Amino acid sequence: MLEVQNLSMRFGGLLAVDGVSLDVQEREIVSIIGPNGAGKTTVFNCLSGFYKPTGGKVIFEGKEIQGIPDYKISRLGMVRTFQHVRLFTQMTVVENLLVAQHRHLNTNMIAGLLGTPNYKEREQKALDRAAYWLERVGLLDLANRDAGNLAYGQQRRLEIARCMVTEPKLLMLDEPAAGLNPAETKELNQLIVSLKEDYNVSVVLIEHDMSLVMDISDRINVINQGKPLASGTPEEIRHNDDVIKAYLGEA
Amino acid sequence: MQDLLYFSQQLINGLTIGSAYALIAIGYTMVYGIIGMINFAHGEIYMIGAYTALIAITGLTALGLAWLPLILIVALLCAMLVSSSMGWAVERVAYRPVRGRHRLIPLISAIGMSIFLQNYVHLAQGSRNIGFPALIEGGFNFSADGAFEMSLSYMQITIFITTLICMTALSLFISRSRTGRACRAVSQDIGMASLLGIDTNRIISATFIIGAALAAVAGLLLGMYYGSVDPLFGFIAGLKAFTAAVLGGIGSIPGAMLGGLILGVSESMTSGYLSGEYKDVVSFGLLILILLFKPTGLLGKPEVEKI
């Protein structure tokens, strides 16, 4: 469903991403790994429309999307999270999920003032969906807390729930396990697998936590200094000499 | 008793003017909350609201309409409509084309917009002040045995009640409605809101429109209260309302309400106990003091540095 061909991104004299290609099939978890500064997040930023790539193609469901603005890409069903949590911290947990469904709602102010049945019905549906996902990520009890008051791991899960209420086809997670303890990482692990299995969502994952990557990925792409280094199944990557060299240095 | 009545009179006067300041201040604070910039044409939008209301009242009276509430409501709606379109236009002309540029650029274009609007009204309506008919007259008088009589006019009551209705409606809108929810999201993280599919341009337009509509309400009320309007009517009121917004913490709607009331009361207390000439000194002095000791204003939250 997603195909990236020969992607490159140049900042002045620095070629941050150079000829990266990858593809994601339906119901697949694909990871991008690499040492620090390898250009993983830059690839993400190009895919999600934060940057306009200087070369190459990004094709999502048969449509070229490189260079179109981020909000249009997210409307196509490709949503992302960031390395640092970006919740609306001064809004409640449930409001965070409702606001994410904004464009599916009837925002006609007059309908809102009159409280027309259509307006109420859609609001109810949005609430139901929010409640469902809160239950799913174990935050239903905290629905009316301010999002900024949640523990870090809870904020991470809320962020994923907020992506899911928009009913995406492809979810891009940038280091979702950063800062989580082993128990929380395990929970996250199960959550991501269930997104694929139960909700037919494809996932592109950037992650440093190798146990998480090796456990859940269907395929892994390794990049180093902006260039593709290797790609394959977790088993292949584990035994790839180039990858071992890049991570451990030359012997 | 005498002193108490005198004090209450100052308090009433201060709250009256302060609640009108608060209505204007909301426009500054909402726009700042969303795009982080001051709308320097806001005072002019308020002035245009007052003029529109005056024109509507004159027109309706000329048509032979005599039922006061109807005249007022129609005048209010006209003023809100015209001011809102102005607010919308200011954003389209002076802010949107230069959004994302250096912060000074929209500042200058907004000041240009303000000069343009002021001079447009000069040309269209003349530079002399025009009398505003006193439509709401009379009031309650309280007096102890002494000479001083405290009065609470119907006009003042109208200002309180109208302001109260507007504030309640705005608070409900912001906290309950979908558009209000989206406004809060955009003001916290505009990039994320856009990523989640909120049309941020529409929300920005909405804040300009809402702020302008409230300024128009204040324009009608203060026009009637002062009894006249002139093309510079918006300048000092805009400055005061801006002060009120900063005093209460710019970006915070309850802060703007509180700031307006504090400013109004401190002004009338100064006029009542010191001298009318000192009232601006005291209100801007107060602003300096608060900024020195609490730079974010009374209810403002410290800006968290985004990483």
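Val79(A) lies in strand E6 of chain A; helices (H or I, at least four residues) and strands (E, at least two) are DSSP runs, numbered from the N terminus. The model is predicted: local features need pLDDT of at least 70, side-chain atom pairs count only at pLDDT 80 or more, and totals for chains, interfaces and linings use all residues. Residues are numbered from 1 along each chain as its sequence is written, while chains are lettered from A and ligands numbered from 1 in the order in which they are written.

**Val79(A) and its surroundings**

- Is Val79(A) buried or exposed? Val79(A) counts as buried because it has 26 C-beta neighbours inside 10 Å.
- A residue is buried if 20 or more other C-beta atoms lie within 10 Å of its own, exposed if 12 or fewer, and partly exposed in between, with C-beta atoms placed from the backbone.
- Apart from neighbours within four places in sequence, Val79(A) is in contact with Ser74(A), Cys163(A), Thr166(A), Pro168(A) and Leu171(A); two residues are in contact if their C-beta atoms, placed from the backbone, lie within 7 Å.
- Between the C-alpha atoms of Val79(A) and Val193(A), which are 114 residues apart along the chain, the separation is 17 Å.

- Strand E6 (residues 78-80) of chain A runs parallel to E7(A), and 3 bridges join them; two strands pair if DSSP finds at least two bridges between them.
- Arg80(A) has Met172(A) in E7(A) as its bridge partner.
- E7(A) is also joined by 5 bridges to strand E8 (residues 202-206) of chain A, again in parallel.
- Asp174(A) has Ile206(A) in E8(A) as its bridge partner.
- From E7(A) the chain passes through H7(A) to E8(A), a β-α-β crossover that is right-handed; that is, with the strands pointing away from the viewer, the path from the first strand over the helix to the second runs clockwise.
- Strand E7 (residues 170-174) of chain A is mostly covered, with 5 of its 5 residues buried.
- On one side of E7(A) the buried residues are Leu170(A), Met172(A) and Asp174(A), and on the other they are Leu171(A) and Leu173(A), so both faces are covered.

**The antiparallel sheet of chain A**

- Strands of a sheet pair through backbone hydrogen bonds, either parallel or antiparallel.
- Chain A has an open sheet of 4 strands in the order E2-E1-E4-E5, with antiparallel pairing.
- Strand E2 (14-24) and strand E5 (63-64) of chain A are the edge strands, each pairing on one side only.
- Strand E1 (residues 2-11) and strand E4 (residues 55-60) of chain A pair in the antiparallel sense over 5 bridges.
- Val4(A) stands opposite Val58(A) in E4(A).

**Two residues with positive phi**

- Asn6(A), found in strand E1 of chain A, has a positive phi of about 55 degrees although it is not a glycine.
- Asn6(A) counts as partly exposed because it has 13 C-beta neighbours inside 10 Å.
- Glu61(A) sits in the loop between E4 and E5 of chain A and has a positive phi of about 50 degrees, although it is not a glycine either.
- Glu61(A) is partly exposed because 14 other C-beta atoms are within 10 Å.

**The domains of chain A**

- Chain A is assigned domain 1 (1-77 + 168-251) and domain 2 (88-167); the bounds come from an automatic or database domain assignment.
- Taken over C-alpha atoms, the centres of domain 1 and domain 2 of chain A are 28 Å apart.
- Contacts link 8 residues of domain 1 of chain A with 8 residues of domain 2 of chain A.
- Helix H7 (residues 182-199) of chain A gives the most to the side of domain 1 that touches domain 2, with 3 residues.
- That side of domain 1 of chain A has 6 nonpolar, 1 polar and 1 charged residues; Ala, Val, Leu, Ile, Met, Phe, Trp, Tyr, Cys and Pro count as nonpolar, Asp, Glu, Lys and Arg as charged, and the others, Gly among them, as polar.

**Chain B and its contact with chain A**

- In chain B, 16 residues are in contact with 21 residues of chain A.
- Helix H6 (178-188) and helix H7 (190-195) of chain B are the elements that give two or more residues to the side touching chain A.
- H6(B) gives the most to that side, with 7 residues.
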